[in-house]
Amino acid sequence: MGSKISSFGKTADGKEVSLITLVNKNGMGIEVTNYGATLVAVTVADRDGRIDDVVLGYDDVTDYTLHGGYLGATVGRNCNRIHGAKVAIDGKEYILDDNENGNNLHSGFHGYNSLLWDFEVIEEELAVKFTHHSADGEQGFPGNFDITVTYTLTEENEVKIHYCGTSDKDTIANLTNHSYFNLGGHGSGGILEHTMWIDSDAITVTDARSIPTGEIRDIKGSPMDFNTPKKIGKDISADYDQLIQGAGYDHNYVLKNQGCGLRKIAEAADEKSGRVMEVLTDSVGVQLYTGNFIDKDSRGKGGAVYQPRHGFCLETQYYPDANHHENFPSSILKAGERYDTTTVYKFRVK
Ligand code: BGC
């Protein structure tokens with residue numbers, strides 16, 4: 001039990017990067033790095049007590065800088081896509097990076113995933129608090145935005161991620177964690193046999209470039225529906241426009257019980273290992289992304305070979321491109337107000 005700080009290598013420009021390990025009384029551990037405030041590892045027992053690492057990642061910072069995919073990263077100031085790579089806030093237009101087909105994905109070329117965060121280990125809480133002063137104009141967004149991202153490993157086997165920030169101008173604040181989970185172990189292969197439940201009756205429909213059209217579609221009874229737990233692979237290849245366009249699941253689910261604070265919104269289970277992961281959040285949406293674009297034959301931690309669909313993400317968020325759709329909850333953070341959101345990934349066995 002306790003915490004440890006070790007070296008995670010150096011960035012290309014020679015900056016030292018740290019890896020912080022937290023272990024709780026049950027022997028569950030997490031590793032986080034200040035590069036991208038990234039979750040590098042989650043080591044947790046299966047039903048027979050065998051410990052495996054259930055998130056995809058790399059052995060040192062160099063691989064994180066060389067590969068895309070946002071493995072385990074904190075994504076912000078805005079996660080997901082913004083159509084046309086521009087936003088209007090208080091009547092003024094702000095130009096963002098076009099880093100995907102004319103659109104902005106995960107805040108462009110200089111996202112929070114690729115910067116070195118300051119950090120502090122809070123030993124008695126088994127927590128690591130990352131801080132970043134995001135200057136006015138960083139990534140194109142207005143406002144000096146001071147943000148903290150705190151990872152806490154609880155004795156209830158939860159990885160709790162708390163985001164908290166304020167800005168001196170109205171801005172967009174919409175951060176997420178981009179961990180790819182594989183409850184059989186990060187090197188164990190595909191996730192299509194995992195069972196998934198999501199507390200949602202609707203998705204925000206996207207076009208061929210994964211940009212929301214504005215339509216909120218009822219998905220009850222459709223291949224998108226996870227109200228009754230089913231295997232991720234059951235309907236993933238169905239003849240359904242959204243699954244064809246996304247090359248699988250890559251969609252924002254409109255969560256039920258919005259405004260009710262932290263509540264359970266999803267659960268994934270791996271029958272083989274017995275590991276179960278519950279997701280709790282106070283957010284309005286979650287992106288189920290089934291790792292459709294993981295680089296083929298990529299090498300992860302310990303030489304593990306990753307392929308598409310070897311990990312799934314449940315990225316809590318505002319609906320994508322909220323700024324362009326009046327029927328979506330607003331992702332604008334008003335000057336002087338507090339951005340405060342929490343997501344929990346909780347592990348158990350059955
Ligand atoms: C997006 C995917 C994208 C992935 C990695 C996810 O949040 O929804 O479309 O491929 O991030 O960039």
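On a 1 Å grid over the protein atoms alone, a pocket is an open set of points where a 1.4 Å probe fits, with protein on both sides within 12 Å along at least five of seven lines, and its lining residues have an atom within 4 Å of a point. The model is predicted: local features need pLDDT of at least 70, side-chain atom pairs count only at pLDDT 80 or more, and totals for chains, interfaces and linings use all residues. Residues are numbered from 1 along each chain as its sequence is written, and side-chain values use heavy atoms, with hydrogens and water left out.

**View 1. The largest pocket is the space taken by the ligand.** A molecule sits in a pocket if more than half of its atoms lie within 2 Å of the pocket's grid points. The volume is about 370 Å³, counted as the space filled by probe spheres set on the points, which are joined across faces, edges and corners. Of the 21 lining residues, Gly69, Tyr70, Tyr180, Tyr289 and Phe293 lie nearest the centre.

**View 2. Residues around the ligand include Tyr70, Leu105, His178, Asp250 and Gln287.**

**View 3. Arg81, His106 and Glu315 each bring a polar side-chain atom to a ligand oxygen.** These are polar contacts, pairs of N or O atoms within 3.5 Å. The distance is 2.7 Å for Arg81, 3.0 Å for His106 and 2.7 Å for Glu315. The protein covers 92% of the 310 Å² of accessible area that the ligand has on its own, by the Shrake-Rupley method with a 1.4 Å probe.

View 4. Gly76 and Arg77 are joined by a cis peptide bond, with omega about 5 degrees. Arg77 is in the loop between strand 6 (74-75) and strand 7 (81-82); strands are DSSP runs of E, at least two residues long, numbered from the N terminus. Ala37, not a glycine, has a positive phi of about 45 degrees, and lies in the loop between strand 3 (29-33) and strand 4 (38-45).

Key. Near = heavy atom within 4 Å. Polar contact = N/O pair within 3.5 Å; in protein donor to acceptor, adjacent residues only side chain to side chain. Helix = DSSP H or I, 4+ residues; strand = E, 2+ residues; numbered from the N terminus.
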